[in-house]
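Q: Could you walk me through this one, starting with what the words mean?
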Amino acid sequence: MPRLQKYPAPPIIDSIVELRLERKFDDSEISRIVKAIGKNYDRVDQLNEADVSIRVEGQKVTPSVANHRPVQILSNSDQTDFFRLERQKLHWSRLPPYEGWEALENRIEIDLQSLPKKVGFPKLERIGVRFLNRLDVPLGSDQIYRYEDYISVHIALPPLLNPHGPYMWTVVKEFPEKGLGTKITSGVVNQELPFTMAILLDIDVYTTANLPEGRDALFGRLNELRHFKNEIFEACITDKARANFQ
Amino acid sequence: MTFPFSVATQSASPIHFDVDLGSTGDYRQYEFVRARDSRSDKPSTVYYATAEQRLGDRLFEATAAAKKWTAVVAMRLHPEDRRRIFAQLDRLHDEGEWHEASTPLRLESYKSFIRALVSGQISGKPSLAITANGNLTAIWHSQHGRLLIEFQHGDRVRYLVNHLIDGSPERAAGETSASRLQVVLAPYSGVDGFCAA
């Protein structure tokens, strides 16, 4: 029986697990992986992404394309489950409705088990768990969206600047004793529900230390990252926000 | 094939460019063209796309965009509603049934429909259709009549009601914002599963 989620209507808008690899896959390995893991998905899209660089010196503007990257995106027919394969990256994401960590973990496990034997379990350089949350703050009776009642991290502003419009902040912190790092970003994003203000709370927890060398160890480490991510999330929201997720 | 995009600079107004992929659409043969008369300040993403997109891909892209966007409000949408709407979207974009002259679903119209649903402006289990210009239309049938709402860009709606009132047919049509639907449809509410509560 699946475990009940803590919140019936979690504010998660994207849940991501990313494995960065020590070496690059070559073209034939990418083809093999897509063929093997593609069986777990309904659709395969092959894209090319390009980095565009623009150099501006006075009146002289020099644009160029720096890198082209082949990217394979595997997805389900509901467009909620995605597996993204790059030369040096394996990336899973789940869009709402979020069905819980176990469901995401289970999909990753099935995909990793499907990796061709010739490829094996790749040597890792970094692993990350990143969850994007959107807090929908309702309009108050005074016609002000009091987001500070929903998120516990505030920017102290002088009265002159209050109330204010959009904001954005990022906090980066390393936890050497845990061997983890985190980057937390919050800001006002596009409103999706009428009469609400949408606040992003993006929590990225990663590690480059004690990296697992096999599937079983990977899930143990991912769980550590996920628990720490949850701890940060709970520390950043208020009871008023929690009531909103019921 | 050209793709416009803009670059913000610290010292001046944005610089506007077109990336010209020529007639082949080959992303390796690009050329940057400085746009002289660009009205857009919004940066855009440069995609590689083939010149002639397959019908199946166009239909998939329309449904995929709608399904992906649904994710942003899925926590407020009943799972059964979501399943029913997705199944209808798939049927509406079935390649085998598709007429070449038709327009796939416009995402902005779909957003207006879903926003009306999650904010409680509409409810029930309407049939869905797509107009010739890609707008989503929801249709409620009841024993005594029919309500049709076309969802347009930016939460605007057009509605048409056909209803029997005391045995006499009554018709009403109008255009308003989704947030006003409950008010304008109040005379027909509570009748045989019509949408306005």
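A: Helices (H or I, at least four residues) and strands (E, at least two) are DSSP runs, numbered from the N terminus. This is a predicted model, in which local features need pLDDT of at least 70, side-chain atom pairs count only at pLDDT 80 or more, and totals for chains, interfaces and linings use all residues. Residues are numbered from 1 along each chain as its sequence is written, chains are lettered from A in the order in which they are written, and side-chain values use heavy atoms, with hydrogens and water left out.

Q: OK, in what order do the elements of chain B run from the N terminus on?
A: They run β-β-β-α-α-α-β-β-β-β-β-α, which gives chain B four helices and eight strands.

Q: And how much of chain B is buried?
A: Buried residues, meaning those under 20% relative accessible area with a 1.4 Å probe and protein chains only, make up 42% of the 197 residues in chain B.

Q: Switching topic, which residues line the second largest cavity?
A: The lining includes A:Pro10, A:Leu135 and A:Phe245 from chain A, and chain B takes part with B:Met75 and B:Arg76. A cavity here is a set of points on a 1 Å grid over the protein atoms alone where a 1.4 Å probe fits but cannot get out, and lining residues have an atom within 4 Å of a point.

Key:
Buried means under 20% relative accessible area, exposed over 50%, partly exposed in between (1.4 Å probe, protein chains only). On a 1 Å grid over the protein atoms alone, a cavity is a set of points where a 1.4 Å probe fits but cannot get out, and a pocket is an open set with protein on both sides within 12 Å along at least five of seven lines; lining residues have an atom within 4 Å of a point.
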